[in-house]
Amino acid sequence: MSSMLLAVDLHQFFRQIDLMSLATLTIVTATPLTLAALGGVMCERSGVVNIALEGIMLTTAFVGFVAAFVTHNLAIGLLAALVSGMLIAALHAVLSIEFLVDQIVSGTVINILALGITGVFYRTFLQQVNVKGPGTLPVWRIPLLSDIPVAGPILFRNQGVTYAMLVLVVVVHLILFNTVWGLRTRACGEHPLAADTAGINVKLVRYVNVISSGALGGLGGSYFSLQQIGNFLPGITGGRGFIALAAMIFGKWTPIGAFLASLLFAGADTVGVRLQYLGVRIPTQFLSMLPYILTIVVVAGAMGRAIAPAAVGRPYRKN
Amino acid sequence: MTGLAGLLRNRRLRDAVLLPAISLVCGFAVASIAVVLSGANPIDAFGALLQGAFTNRNALEETLIATIPYIFLGLGVAVGFRGGLFNIGAEGQFYLGAVFGVFVGVSLHGLPGILHIPIALLAGMLGGFLWASIAGVLKARFGAHEVITTIMLNYVAFLLTDYLINNKGPLADKHATAPKTPFIDSTAQLPILVPGTRLHMGLILALLAVPLVWFLLSRTTIGFRIRAVGLNATAARAAGISVGWTMVTVMGISGALAGLAGADEVLGVSHFMPPSFSVGYGFDAIAVALLARSNPWAILPSAFLFGAMRSGAGFMQLVTGVSADLISIVQATVIIFVAAPLLVRWIFRLRDVPEAPVHIAEAGGLASAASGAAPAASLEETAT
Amino acid sequence: MHALLGENGAGKSTLMNVVYGLTSPDAGEIVFDGRPVAINRPTDAIRLGIGMVHQHFMLIPPLTVAENVILGHETARSGMLDLAEARVEVSELARRHRLEVDPAARAMDLAVGIQQRVEILKALYRGARLLILDEPTSVLTPPEAARLFDVVRNLTAQGTAVIFITHKLGEVMVIADRITVMRRGQVVADTTPAESGPSELARLMVGRPVLLRVDKKPARPGEALLRVEGLSVDDDRHQPAVQGVDLQVRAGEIVGLAGVEGNGQEELVEAIVGLRSLRAGRVLLGTREVTRLGTKGTLHAGVSFIPADRHRMGAILELPVADNLVLSDYDRPPFARGILRRFQAIWQYALNAIKAFDIRTEGPGQALGSLSGGNQQKVVVARELSTDPRVLIASQPTRGVDVGSIEFIHRQIVARRDKGLAVLLVSSELDEVLSLADRVAVIYGGRIVGVLEGDAVERERIGLMMAGAA
């Protein structure tokens, strides 16, 4: 889909505008990555590993689309995506916090479940449907701001979910580092026992953060079906949930870092496709490998170990 | 319910048979809900599943064919669990094994089958071994979480395969219209076991692999080391065992088995490799291993079950319209129940179900102790 | 300033944990401000005005001092943190109590002594009127400790009550107004420095000897088999735990290392066996240097090691008795040929060990975890002694073990000693050390503060040394 857009661009615009559209495309492509990564940041900062982001995005893309389709209302679709994301995340939370299921297993389970559920219901409800869908989110041009040279078209002529993403990067950053809640969250992820002795309810904090990550993931999922193509296809998320995890790690578990890392990964993707059309001979697959290889390097390097929230992945049990 | 509860208190019986059985039943129960919600009849759906798996013409044969990779992959993941490591990378290692296997199958000419096949299979094992060892070394040397590294390596494997086979890549068949590798030499093809069917020699290999892995784990020093580290890495280290090397070994063996599965599939079933090669066998294998509680012998029925589900799902989809993805729901539920004894305890109001074991590998592994059933029953066996 | 004095396991920390709401009592009541109170959570204690500074700090390393102090009681306006205000408040509080800190510094960058100040500030910030300090000087250098005492004096002068948990007599004499001595979970004395001198306190701390003496002939030591020279080792927090220790254990003798837990014994033992890297020094086995040999090498060179924590480090509970018995030698003949394990040999060996060590078990195939603690430990001891080592390092070898098994293990160790084994016995049970050891070294603060033998070995003197007061 995006490659077709690029082919049109290439023929019709000057090189400078090529770069502009590249930048715009990068921001747009980075939208689901960033949103999921933000969810991952909140979740892991409180001490819970969430590898279910992929499954969450897939399911919420589906649910959001179905809701929007049935009600012919994109806003309701968005809402449905958010809520379903929170519900799935709640399952992950209950399994890993209450029943002490290993967080990796719990996350994997949700990914598998997501594939199963979306597969089954897609086939039954959507595959044969020929009626026109609810379309995609409209592009909103913000008056005045969208006329600023360079930054204007890139940032201020976007669809709703992308705007939400940009705002949320800032919001999540503020929450994490400037609010009481964020402080307590970080405490729970670094040293839950200490947080407990300071009177904080570690379980509650973790629950809320995991469910919030579900909401963020839900928004990320809605990008695919409600913003990008206005439809749902099985496997539409294509592993972005895992790239988002990589972005989170690469961004050192900070919202802004996650955003920049997502831009990097999305950029590698869009640049790669663009280069293809310019005849550059690096196979796209190698460029697409970049986020994954980078993540491995980060995780293996001392960086990865030193900066993850210290208590992430371990259930907190009071003696 | 007292009868069931009473049975549940017999620990060995419970762990080995009842828990997996209950998990399976619950898995199907949850899946039924999905079927009902999607407007179909669960009885029809599961009936079609069974029919597609067993009673249709060729059904049993297809089921067995589908079981073969599950056996290898399940064994691989199980070995990982026994060593305290969570190998989510089986899928990627599966791909690499297929690539290496197909490469040997396509490139070497003039070799008799009796040489060509083993070399190709060994190449497949090598591919999986190398791929998994990356994660193993990173874990042993840098403490990198094998879960993250193996997931990332999966994607790299997919992309690598895509590059190699798609768009006239190095391994692509230049003359074909669809992206695929060339066909392997006939000397590399695995012989068919039952004439007129697709059932290939891989089944024999898989059936041999089970006792081999069992032997490795329970009768050799390597296996002992693996189990010791998986159960208590701290104590193992204090007794002089090198935990780092053991981790590399575990991942290596696990990957080799997964790679063998990949090579086996290519050499035995398709005789070439398409770019989108797997339907998620590697992830299913996690469920296979968990259901079998990482016991090599139990992998057989577990793999057979998943093979049956996989091959019957196609028919179920055809006849009832319920997507084949339904079996993923069964799998996911099974995993939950197997991996959450506390959940079982809560549901059945038991008192002595063990708490979910957490860390094994003290060196920071995120793997859960979803590991073997009984301790080395081998000692008991030799003595009695 | 009320000191709570006692050895390890006396119950001091547990008692205070109850007061702070971290543990619930099985019986009894707490009276605070003249009224009985229920303290179920730290929040309850904090609300009453009780604060606690734990031995292991409860600071969040990447957060700043100010953030750590206000955690749980944050200065905020409608949810948004007011860190500037917090920093001002923290500075104020620090100044008032003479606890200089930089509110913007990150906790993990601070020296341990400063971290402790932050812990104290945390309690004060919440309005603590009673401050409990659990072994506060265990991580401080002497000058830091002196500064701490100033702070405590200041606090008490301002009306705060302080409970000071410690095992160090020196401190108690210097700073306490009242002293409560605990032993084995009971209060054995309530006194003041004026009434009870150090010897009296030491006697109260370590108590009367329990009649658990082993009959042993006098030792006939041979050459030095284990030599530790100038060993310095860091603990997990990269603080020096062992500082320049010299130690010698000769063939045919048992050297007991007495000391309250946490004074460096564990790190010392781990370094000798190769489980922990050392910062300086050498370890020699006879004439051969084994410092860099690693665990497997050291074990195979003739050292046997009984770790202090049986469950974590000593044995693998899920494995059968037989497997545990061969844990260090599973890959060598006769237990293995190449990569194949030889089960007949292992089984036979296990049967012999079970008989020789009187291990109560259904058979070599029984999972170790289902044996009693004493029998589990006997398996560990059997394993370590059966390799016919030249040196045995036994760390807390009879912890959690029944009396019968204790006697058995002691007799085994003495019997081997008589055959020429060199034994380094590390134990926080003074009785065990006194009854087994031929020579007693006392470790305090990571240093050997004395080595006694013969008649000089007597309880009170050692007690004083263990408490750093001799």
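I count two residues as in contact if their C-beta atoms, placed from the backbone, lie within 7 Å.

**Entry 1: ground rules.** I am reading a predicted model, where local features need pLDDT of at least 70, side-chain atom pairs count only at pLDDT 80 or more, and totals for chains, interfaces and linings use all residues. Residues are numbered from 1 along each chain as its sequence is written, while chains are lettered from A and ligands numbered from 1 in the order in which they are written. I noted the model scores: ipTM 0.78 and pTM 0.81.

**Entry 2: chain A.** I looked up contacts by sequence separation. In chain A, 76% of the contacts with a separation of 6 or more are between residues 24 or more positions apart. I find 14 helices and 2 strands in chain A. Helices (H or I, at least four residues) and strands (E, at least two) are DSSP runs, numbered from the N terminus. Chain A has 319 residues, and 57% of them are buried. Buried means that 20 or more other C-beta atoms, placed from the backbone, lie within 10 Å of the residue's own; 12 or fewer is exposed, and in between is partly exposed.

**Entry 3: chain B.** I get 16 helices and 0 strands for chain B. Of its 384 residues, 61% are buried. Among its contacts between residues at least 6 apart, 76% join residues at least 24 apart.

**Entry 4: where A meets B.** I find 38 residues of chain A and 43 residues of chain B in this contact. On the chain B side, H6 (113–142), H7 (146–165), H12 (281–291), H14 (326–339) and H15 (341–348) each supply at least two residues. H7(B) gives the most, with 11 residues. By class, I log 30 nonpolar, 10 polar and 3 charged residues on that side of chain B. Nonpolar covers Ala, Val, Leu, Ile, Met, Phe, Trp, Tyr, Cys and Pro; charged covers Asp, Glu, Lys and Arg; the others, Gly among them, are polar.

**Entry 5: chain C.** I checked confidence here.

**Entry 6: a helix pair in C.** H14 (residues 373–386) and H15 (residues 403–418) of chain C pack at about 10 degrees, with their axes 9 Å apart. That makes H14(C) roughly parallel to H15(C). Among the residues in this contact are C:Val381 and C:Leu385 of H14(C), and C:Phe408 and C:Ile409 of H15(C). I log 4 nonpolar, 6 polar and 2 charged residues there. Axes are lines fitted to C-alpha atoms, for helices over the stretch in contact, and angles run from 0 to 180 degrees between N-to-C directions. Angles under 35 degrees count as roughly parallel, over 145 as roughly antiparallel, 65 to 115 as roughly perpendicular and the rest as oblique.
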